[in-house]
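Please view the sequence and the model alongside the text.

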Amino acid sequence: MWLRVTLLLAAAAPIAGLTLALVPGKPVPVDTPWKHVPQPAPHVDHSQLITGPLESGPAVTRACLKCHPNAARQVMQTSHWTWAGEKVKLPGSNQVVQVGKANLVNNFCIHAGANIEKCSACHAGYGWHDTSFDFTSPKSEENVDCLVCHEQTGSYQKGNAGMPEKGVDLVAVAKSVARPTRKNCGDCHFRGGGGDAVKHGDLDGSMYFPKERIDVHMGEAGFQCVDCHQTHDHRIPGCSMSVGTGAGRRVSCTDCHHEKPHGDQRLDAHTAKVACQTCHIPRMAIDVPTKMYWDWSQAGQNGRKEDPHEYLKIKGSFKYAQNLRPEYYWYNGNAYRYLTGQHINPSQVVLINKPLGGPRDPEAKIWPFKVHRGRQIYDTVNNYLLTPRTWGPGGYWTDFDWDEACRLGVETSGLKYSGHYGWVETAMYWPLSHMVQPKEKALQCVDCHGDRGVLNWRQLGYEGDPAFRGVAYRSQRVGGGGPEGSR
Amino acid sequence: MMPLRCAIAFWSVSLAAGATALAGHPPITLRDQQGKNVLDSARPISTVQSCGRCHDTRYIATHSYHVALGSDETAAPGAIPSGRAWDWSPGPLGRWDPLTYRYLAPPGDARHDRDLAEWVSTYPRHVGGGPAQCIGLPKADGVEMNCFLCHTPKPDNETRLKELQQGRFDWANTATLASTGLIRPVQGGWAYQRQSFMADGSLQASRLGIREARSENCGLCHGLTDRGEQPLRLDLSLRQWSTATEGQVFSPQRICESAVNLRDKEHLTRAWDVHAERLLECASCHFSINNPAFSEPKLGHLKFEPRRLAPGQYLEQPSHQFARGHTSPGGLGHDFDGTMRRCEDCHTVAGTHDWLPYRQSHFARLSCEACHISQVYAPAVRQVDWTLLTPSGQPRIEWRGIEGDPADPTAEVTGFRPVLLPVQGLDGRSRLVPHNLIAAWYWVEGGQSPRPVRLADLKAALFQDGKYYPDVAHALAIGRAVLDTPDKVEAVRRRLKAVGVVDPQIEADVEPHALHHGVGPAKWAIRQCETCHAADSRLSQPFKLASYMPGGVLPKAVGGSELSGDLQSADRGLTYRPSTRQAALYVLGHNRWPWVNALGGFSLLAVVVGVVLHAGLRIRVAQQRKKRGSPPSHSASRSPRLPPPPTGNGSQSASTPPPAESS
């Protein structure tokens, strides 16, 4: 009996083995970046749902609200509508502030509030002419601009006060609405500061249809902005250091990637103190030059040759740079913020939004920044940055009179103008998170360490290059900002 | 001397702390050979005098095989291990080089190619000192060991070499500073820019940039090294020695970011050398052998050796004998073989090679380089033909790893896969190491005491007024202008005899050059088993050596390495085909040895026969027992003390206690 069983098993074994070998196994899952991205609901073709005539932007919105009754209320809670953030305690002090694009000073066009009719061309609403604009009442729901984020014809243009430009076929535009694309976001965010690549070092027109060499997520994987900035109730996560202090829900590499993704002990150890962006955004403004310096004091010179990348009479002189290394500073996600009316020391560079953090801060990492430096107007008596009106009647671009421009500008910002002005050096920090490169193009050891390294280790708070000295911090207190910040 | 000791002690602190520049180096006074400040004497700088005030330069110069170049290891011609019949030193001084045809005949040889002064003036890869200091010409003081060449950031090697070529040996070291702005050329020498010096006539060390030797200093003589700041370019010449002979480039730059017109470059995202990319310098592995930072216990029972030179002592007498490996053919400094840091001295395999089956077998037969230098991305020389000079008086040199004219920067570089040759390690085991092979053909004279035909004789034999002699030109008119037919060979041989060369014969050799640099990151190493274990294994792939064989002469291996394969001529060219059998390797999946197949077949047959026989017997025995009604015998034999199976109770098991009657 046992003999027969043994013989039977012996005969069956090869057959079983062959069967196992030949039967196709369960397919191995392919790792794709899309694995981590929620797939949106299938798009509904609106071409048959929208009927004209639609005589104005608010008329379009009213049509939208028939099927999406909550959408406008949701948008009105966001900073894309209010141009202001939540009330937060200012990092480093007990002062509670509510700041945003509307009331902050920058070193590009300086102040949106003083020029709101022009600046609100990028507002997700209609009719923001002046301070009387209604941000909150239900009646204002129809002023929410759905099209700027959802239209897909590419023909939609906004003008002063955010109103649709004449000639826009609002019916055609409204029929095209769909999930936002890079075009929708980019028309404002790529062109911040009045032109392509002016403000951001990592967002410009090359990202409408980026190649892989520009950004691995959008180029190779074909991501849209909203694939990472995943929106709920029209709240779009992400936090720009230029219009806030750092509070708010952020988008992070680790939303999709593992915290220690390299499969290499040495590289993974870096992630404790080095942001992913530092190595994976080795260069900024890859294809399109970005503005690095803006000297307003040069404006108004007659007869000087004009070039949008070097000098304009209305704006002064500029320096642009392309495909350049970022600067690197500690950053814990929060920033000191210069508030409108805050006193300055004119003999020092005014740090408008200095990143916070240092080597001993467990939340801080070394980040890449575009640092836009400039020279802008300030009140020499009151010692604060002024908010000149540049656009419109009496604005500097019209009359080339700084004194008058400042008198008009402070009416909106609430400052007092002494009648005496001067020029002061300023710096703004723009953390980089786009133009991400794959590992094959990320920074290598020699890019940061050794003679060729671009990092100033002592300025970052180390005793020297940690590749040779180990992680040893200098004993004295080191500012988180970097060159200016540590002064 | 005490203040100097203090300075050295301070300096040593910055060294020990891993500083990248010697910021603490004290000011230096540049002195001439009489010890006078050169600002006063206007004489050439003596590095022995200038640096020797703090450092023991005489000790340094006598402890450096870079200085001696074999002059301290001379022997009778032909007595040099792994050398040719006419070599009288293991180093460039007396070892003939088939690539450069540079031969310093042994002392007393009446038919010398060049004398010592001529050799010094034409040999670009000597740091001075040693034999170069003994030139003994009336107007030449000799060339001291050139500290500036290795210890300043931008030594002007080209200007130094020009001085040597012009025979102004005493100014050669001074000229190395030409790019510093400290000197300017004047009639007959160099003048010092006094305004660049301090008021007391000394010089800030930072003005010279004195520092430890970096890779780019080594690269001045050894091959292409750079720091990757600019897109890397290849200069296919013998000046970049290791690049020319081995295709090695020591640079942290990603290959795809270089300026080399390399095939599929966009995919080559690795660095030219991963160690350069990880901030290692040449001296990280090839360190000074008495550097206390690298000192390791020599006794097996010690983990740490506290008795070592203090940093200050080391800086006073730093040995310039550098740690080295053991695979360079016919090289210098064999007393220091195996002193270098090898891969295994820094890397562990645990955790990194767990995926590799039969790890110990692989490590016993393969060098790390075999898998980690799987491809070379720069061209290298494969053939040198001195049997017929080109009209410009140059040899014909063929390169591997490039398609088109090597002088054309747009020629496409393809790189090459090195050939694996067994090399005996210091532990006595042979392991496969990647190599480039260079075949050279040349004329030899002398019969019983052979030696290469002097270059001057060769040129005199071939050329008349800058053109080939008519009979040579007539012979070359048919086919390629190379000695690939007996008629062409005979035409040149007749001319050589005409200029007095005795019994000229063509000889040829193949010299292996081991590859240890150009290491790729782990992910670029060979991981596919079939690369070696398939029928078309790389271990047996042909490796082209030449597109033609001058005189039909088959080369022989030189340089101490054995070729474990066959040289095969094909299409008038020459190919080396490695043989795993000759390398005493049996590679699973690749080798097909008949006796192994026979043994395997026989074993299988024996097993089948045994199984069938055994099964048949058991079946037969079982049937017989069944007929007799008796239990199987093996049960009784294996359990002699067990009682017979119980009857009437099927549930009782073998472990059931015996029935009551047995107790």
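Is Gly195(A) buried, exposed or partly exposed? Gly195(A) is partly exposed, because 15 other C-beta atoms lie within 10 Å; a residue is buried if 20 or more other C-beta atoms, placed from the backbone, lie within 10 Å of its own, exposed if 12 or fewer, and partly exposed in between. The model is predicted, so local features need pLDDT of at least 70 and side-chain atom pairs count only at pLDDT 80 or more, while totals for chains, interfaces and linings use all residues. Residues are numbered from 1 along each chain as its sequence is written, and chains are lettered from A and ligands numbered from 1 in the order in which they are written.

**Chain A**

- Chain A contains 16 helices and ten strands; helices (H or I, at least four residues) and strands (E, at least two) are DSSP runs, numbered from the N terminus.
- Its C-alpha atoms fill a box of roughly 115 × 70 × 45 Å along the principal axes.
- Of its 487 residues, 39% count as buried.
- Contacts here mean C-beta atoms, placed from the backbone, within 7 Å; among those in chain A between residues at least 6 apart in sequence, 67% join residues at least 24 apart.
- Gly195(A) sits in the loop between helix H8 (182–189) and helix H9 (216–220) of chain A.
- From Gly195(A) to Asn382(A) there are 187 residues in sequence and 32 Å in space, C-alpha to C-alpha.

**Strand pairing in chain A**

- Strand S3 (residues 290–295) and strand S5 (residues 316–321) of chain A are antiparallel and share five bridges; two strands pair if DSSP finds at least two bridges between them.
- Strand S4 (residues 311–312) of chain A is also antiparallel to S5(A), with two bridges, and a hairpin of three residues joins S4(A) to S5(A).
- Ser317(A) in S5(A) is the bridge partner of Asp295(A), and Ser317(A) is also the bridge partner of Tyr311(A).

**Chain B**

- Chain B has 24 helices and 18 strands.
- Of the 663 residues of chain B, 39% count as buried.
- For contacts in chain B with a separation of 6 or more, 60% come from residues 24 or more positions apart.
- An open sheet of three strands runs in the order S15-S18-S17 (chain B), with antiparallel pairing.
- Its edge strands, each pairing on one side only, are strand S15 (543–546) and strand S17 (565–570) of chain B.
- S17(B) is joined by six bridges to strand S18 (residues 573–578) of chain B, where Tyr576(B) is the bridge partner of Leu567(B).

**Contacts between the chains**

- On the chain B side 14 residues are in contact with 13 residues of chain A.
- Helix H23 (residues 594–628) of chain B supplies the largest share of that chain B side, three residues.

Technical notes:
Two residues are in contact if their C-beta atoms, placed from the backbone, lie within 7 Å.
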